[in-house]
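Colleague: I am new to this model. Please take a close look at how its side chains pair up, and take me through it in one go.

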Amino acid sequence: MQKRNLWISATKILSRKLPSTSRFSTNLNPKLQSASVFSCSFYHAGESSRVSKCNYGDTFLAKFRKNFCSLDQNSGRCWNCGVVAVSKPFLSCGSCKSVQPVHTSVDYFQIFGLEKAFEIEETNLEKTYKDWQKKLHPDLVHMKSEKEKEFAAEQSSRVIDAYRTLRKPLSRAIYLLGLEGVHVDEERTVSDPELLDEILDIREAVDEASNSQSLKQIQGQVQEKLEIWSKSFGIAFNKKEFEDAVTSIQRMTYYDRINDEIVKKL
């Protein structure tokens, strides 16, 4: 009898039309997680969802996990025509071409159809970036509703941020660690006297450089160092040796900043 009552209760829950403010919903706000009785909650590191899990108060209702997780999850369904996306990222609907709202469960790598890795194909990144910008260009949505214009502006901004983040090795490395829940303090001073002396010498050489040829020569040396530590990061990240990966990033930061200074002077 008890199981029958539970079955009836569960059936009523599943057939009930849930409002958008329902406690039984996809919950992306950590502040609201404690108030959720049944939820499909996501842990976020930075902007990306990396771990998902379903929490239920009853082992019997756990049998309906698949239905509970997908019941109110609209991130893959077009708000305009209702078509379900066949794959991520769902920035615009392939059926009605409507621009979709931003969903932070889609990380920067997914936006560009790339594997979550440090080594990426920059040509694919560039091509996909241009394709997305064409689809999200203001001229293409100026006749759309205010709602869709807002979605387009948000999506375009996120695509630009994703492109800028993944384009440079340093920001890409920091973002990758962020997806793994590892915070990198870029302002932390490295306690390596030899490195600091080298950086000081390079800065002095940049200040004293009298022409662009001298600056380019120094830049070549700096970029070689940056490449060395980039490779070091890639190896450490692939092995999930995150302490070594952070160390590599800290050194990459010094050389990257000097390179930026040289670019400004050229």
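**Rings and charges**

Modeller: Tyr-175 is buried, at a relative accessible area of 11%; buried means under 20%, exposed over 50% and partly exposed in between, using a 1.4 Å probe and protein chains only. This is a predicted model, in which local features need pLDDT of at least 70 and side-chain atom pairs count only at pLDDT 80 or more, while totals for chains, interfaces and linings use all residues. Residues are numbered from 1 along each chain as its sequence is written, and side-chain values use heavy atoms, leaving out hydrogens and water.

Tyr-108 is buried as well, at 2%. The structure has seven aromatic pairs, meaning rings of Phe, Tyr or Trp (its six-membered ring) with centres within 6.5 Å; planes under 30 degrees apart are stacked, over 60 edge-to-face, and the rest tilted. Among them, Tyr-108 and Tyr-175 are stacked, 4.5 Å from centre to centre with 10° between the planes. That pair links distant parts of the chain, as Tyr-108 is in helix 4 (residues 108-111) and Tyr-175 in helix 8, 67 residues apart. Helices here are DSSP runs of H or I with at least four residues, numbered from the N terminus.

A second pair, Phe-237 with Phe-242, is tilted, at 6.3 Å and 45°. Phe-237 is buried at 6%, whereas Phe-242 is partly exposed at 21%. Over the face of Phe-118 lies Arg-172, 4.9 Å from the ring centre; a charge sits over a ring if NZ of Lys or CZ of Arg is within 6 Å of the centre and within 35 degrees of the ring normal.

Next come the charged pairs. There are ten salt bridges, each a side-chain nitrogen of Lys or Arg within 4 Å of a carboxyl oxygen of Asp or Glu. One of them joins Asp-256 and Lys-168, at 3.5 Å from N to O. Its partners are 88 residues apart: Asp-256 in helix 11 (residues 242-265), Lys-168 in the loop between helix 7 (146-167) and helix 8 (169-179). Asp-256 is buried at 10%, while Lys-168 is partly exposed at 28%.

Arg-257 and Glu-187 form another salt bridge, at 3.1 Å. Arg-257 is in helix 11 and Glu-187 in the loop between helix 8 and helix 9, so this pair ties together parts 70 residues apart in sequence. Arg-257 is partly exposed at 34%, and Glu-187 is exposed at 59%.

Technical notes. Helix = DSSP H or I, 4+ residues; strand = E, 2+ residues; numbered from the N terminus.
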